[in-house]
Amino acid sequence: EFWHPDSGRMEPCAVWREADGRTEVPLHFDPAGSVFVVFRTPAKSDHLVAVQAGGASPESFEIGAQELLTRAPGRFTLTYASGRATTLDVTEAARPMELSGPWQLSFPPKWGAPAEITLDKLISWTRHADPGVKYFSGTATYRKQFQYKKDTRNGKIELDLGALKNLAEVRLNGKNLGVLWKPPFRVDVTHAIRSGSNDLEVRVTNLWVNRLIGDEQLPEDRQWDGLSLKAWPQWLLDGKPSPTGRFTFTTWHHWNKGDQPLESGLLGPVILQTIQKNSLP
């Protein structure tokens, strides 16, 4: 069995072979991926030992207990432990739908960014002209309404956020679909999406580096004696905003005014993809 630590999902291993007293299991890891391989139940005598995909990449399909999940067409040759081999042709796949066009992006108050902006297309916050957006660190919320027609084929629907920095919490039509913290930033939306109008909300959290660099553009408000802190600023002790307009305070000088901010936010492309389910012969 495969136990996935990022989602808690447990599934039977569909493809494996015994050779020279060993059990060989083919594994495909996403970036930063890991999995527990668990032996706890007797295996079936006749099982898949190999899957060859003609014209399809390893990322374009998955093998389930009784089905082949495909994102793209291809010819799949399935070989079993008994020596039996069979071919499964997947001739078509649903075309991905990109959620392009404007996005509404809102920021929390009192952290230098405007309450809300409209992005004509997805870009890194660091490319925005407003310094409050460029140097923002924290959690900002993307919102988009889109129309969708559910595919009639038997399959699941995935939302792929593409590239983002650094974490994202996804809500679709008010349903919380969890937190994504490593690529690929994909989530199953089969039971949350509906035909017609849909409301998508993506809360993206970046690192605090950019706010520290942004504060370095402002006057110094720390009292230093060489490399050590001489005194805590009074505004911090009083729980008040910095008189110089800074938002952060650290006891060590981590970043400088001229340092390059880190890419932040939802970069995309954001795509809806129907994953076709094909019964194994």
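Which strand is the place of Lys175? Keep that in mind for the first close-up, and remember that every view here comes from a predicted model.

**View 1. Lys175 and the residues it touches.** Lys175 sits in strand 18, which covers residues 175–180. Is Lys175 buried, exposed or partly exposed? With a relative accessibility of 42%, it counts as partly exposed, because that label covers the range between under 20% (buried) and over 50% (exposed). Setting aside residues up to four places away in sequence, Lys175 touches Val170, His191 and Ala192. Take His191: it is 16 residues from Lys175 in sequence, and their C-alpha atoms are 9.4 Å apart in space.

View 2. Zoom in on Phe39, which lies in the loop between strand 5 (36–37) and strand 6 (48–54). Phe39 has a relative accessible area of 63%, so it is exposed.

**View 3. Thr126 and its contacts.** Now look at the loop between strand 13 (116–119) and helix 1 (131–134), which is where you'll find Thr126. Thr126 counts as buried because its relative accessibility is 16%, and the cut-off for buried is under 20%. Which side chain does the side chain of Thr126 make a polar contact with? That partner is Ser124, at 2.7 Å. Leaving out neighbours within four places in sequence, Thr126 is also in contact with Lys134, Asn210, Pro261, Leu262 and Glu263.

Key:
Residues are numbered from 1 along each chain as its sequence is written. This is a predicted model: local features need pLDDT of at least 70, side-chain atom pairs count only at pLDDT 80 or more; totals for chains, interfaces and linings use all residues. Side-chain values use heavy atoms; hydrogens and water are left out. Helices (H or I, at least four residues) and strands (E, at least two) are DSSP runs, numbered from the N terminus. Buried means under 20% relative accessible area, exposed over 50%, partly exposed in between (1.4 Å probe, protein chains only). Contact means heavy atoms within 4.5 Å. A polar contact is a pair of N or O atoms within 3.5 Å; within protein, one must be able to donate a hydrogen and the other to accept it, and residues adjacent in sequence count only if both atoms are side-chain atoms.
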